[in-house]
Amino acid sequence: MRLEGARMDLIKKIWTARKLILVVMIPLSLLPLPLIHPCSESSCAYVLIVTAVYWVSEAVPLGAAALVPAFLYPLFGVLKSSEVASEYFKDTTLLLMGVICLAASIEKWNLHKRIALRMVMIAGAKPGMLVLGFMCCTVFLSMWLSNTSTTAMVMPIAEAVLQQLICTGMADSLEDSLTVDTQDEESDKEENQESSKNHLELLDRKHNEKHHVCMLSEELNGLTLKPGFGPEFCKESNGYLPEAPISIPAPPKKPKIRRDSQYPTNRDHMICKCLSLSITYAATIGGLITITGTSTNLIFAEQFNNRYPEAKVINFGTWFIFSLPIALIMLMLTWIWLHFLFLGCNFRETCSLSKKRKTRREILSEKRIHEEYQKLGPISYPEVMTGIFFVLMTVLWFTREPGFVPGWTSLFEKKGYRTDATVSVLLGFLLFLIPARKPWPSAFSSESKGDDDDEEEEDPLAPMITWKDFQRLMPWEIVILVGGGYALAAGCKVSGLSMWIGRQLEPMSGLPPWAVTLLACLLVSAVTEFASNPATLTVFLPILSALSETLHINPLHTLIPATMCVSFGVMLPVGNPPNAIVFSYGHVQISDMVKAGFGVNLIGVFVVMLAIMTWGEPLFHLSEFPTWALMPNVTGSL
């Protein structure tokens, strides 16, 4: 027993220190690779494998693991320290910083809450339309904010609506129960009064006729008969009492209230599940639409532009045109799938906009949403300015280089100096300068002040956002993670590892392009269920690029679908942060997420494949192998 106990203690200690053991053993076990084959390809492969294992296992924080190339590349002579350092801060980092400035202003002045509540008010409180309304507003917000921030913003609003739904359901059940009890008591009282009245009349009538009716107790068959309930009393009819004994009907069946659950009915639980999961899926869908919607899009854009500097095909406009139809189709199919899974197929009942079909609970839910919107008060000056900056940034992104007409960059003599990051940083910088209060007095200016601007009342020139607001939202871990991915890609390119990987994948040259893309999508979407999305994409992008070049397939044919499918890690709470946020509210279980997420995953892969085979081909010229795809091979051979 002692030996077995010591063995169990040893196993527990090893399990507790498993991450530390992994961090130490992985580099040591792989060290023979660069020592036995001392070349740049093997050294780069060693760094790539160690970093990938750290990312997938999350033995160390993602940001810390992204720093591994910063010291291993110089130690193994793959890249100089200054060259590695330059990879950690790129143009996309500035783009992200400008977007975070706008996001900080949107959050600070509650513009996101106003947009979400307004869209839900338009949709109504019918379960099907309520879910669709929350999905639409989540998709819209996730286009410009991070998926995690959007989910964290929208879920409290949805939770308030769900709690109102639950409370109303319990109140209805309790009210119905009390109504039944009251009716029973009143009917019993009326029957007792009628029986007493008839009994008195009967006794009076018998007394006057000098008939002795059951006034003494008699012993009959061992039973004691009480006055008024003897055999003569039961057999004789006096015109008031029936000959048969009176039978009181059983009270109507009371509605069942689930004592073992916080939900009044199973249908309420299904609505909570459907609405909660719809928000995390909508956040993922919205992040696909814009190049800044999620970190994986930024990783793809920067790595693609670094590897293929001559390819001027990926910008905000082209990505938006390609991904918007994908998001709209996915939004409708996901909504239909969730509705079928949790609410059934009766769309007419759950999606009717007719006021005659609304129940009391739906009316109270709409009232709660209206009350939340009224608490925001009239739209304030900071909200208006934030909305103007939001529209201005979007317009400038679209019109920079639209492709079919000259953009505003053609007004400058030198070409290629201005990118989407230029617009983003400029407008973000202005948010630190523009005052949050109107520069002119107004009669209703005091009404537009919120509770969050107490400090601004003391300083009339306080800006729209402060550095603390920006720092609170800036995801520095993601910045370092993206930089680590750029460093790995640069090392693979310089060392020639990309060309070596491409040569190993030559046996796949017999497959058609759509089959290669489908395999890449399925593989990436499976791996990302257990590993972080940015880490998975960072590992797969160089491999897929080398594969495309070897098979003479347009790299965009595989890279864009893989970038989108890496966001479909929606089957487990650990798949991405929005899943974890929704799971923490307690409405859904892991089995619900797996069942619903599997369908969403298949929908996503199907729609992405449809897009890349249809409108993606003329947009990116995917049917031909471009000349800019040959540039990495020439560079790597020098």
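**View 1. Salt bridge between Lys-90 and Glu-87.** In this predicted model, the side chains of Lys-90 and Glu-87 form a salt bridge (a side-chain nitrogen of Lys or Arg within 4 Å of a carboxyl oxygen of Asp or Glu) with an N to O distance of 3.4 Å. Both Lys-90 and Glu-87 are buried, that is, under 20% relative accessible area with a 1.4 Å probe and protein chains only. By the stated rule, six salt bridges are counted. Local features need pLDDT of at least 70 and side-chain atom pairs pLDDT 80 or more, whereas totals for chains, interfaces and linings use all residues. Residues are numbered from 1 along each chain as its sequence is written, and side-chain values use heavy atoms, with hydrogens and water left out.

**View 2. Salt bridge between Glu-383 and Arg-114.** The closest N and O atoms of this pair are 2.6 Å apart. Glu-383 belongs to helix α18 (residues 381–398) and Arg-114 to helix α9 (residues 111–123), 269 residues apart; helices are DSSP runs (H or I, at least four residues) numbered from the N terminus. Glu-383 and Arg-114 are both buried.

**View 3. Salt bridge between Arg-307 and Glu-549.** The N to O distance is 3.0 Å. Arg-307 lies in helix α14 (residues 295–307) and Glu-549 in helix α25 (residues 533–551), so the pair ties together parts 242 residues apart in sequence. Arg-307 is buried, with a relative accessible area of 10%, and Glu-549 is buried at 7%.

Definitions and conventions. Buried means under 20% relative accessible area, exposed over 50%, partly exposed in between (1.4 Å probe, protein chains only). Helices (H or I, at least four residues) and strands (E, at least two) are DSSP runs, numbered from the N terminus.
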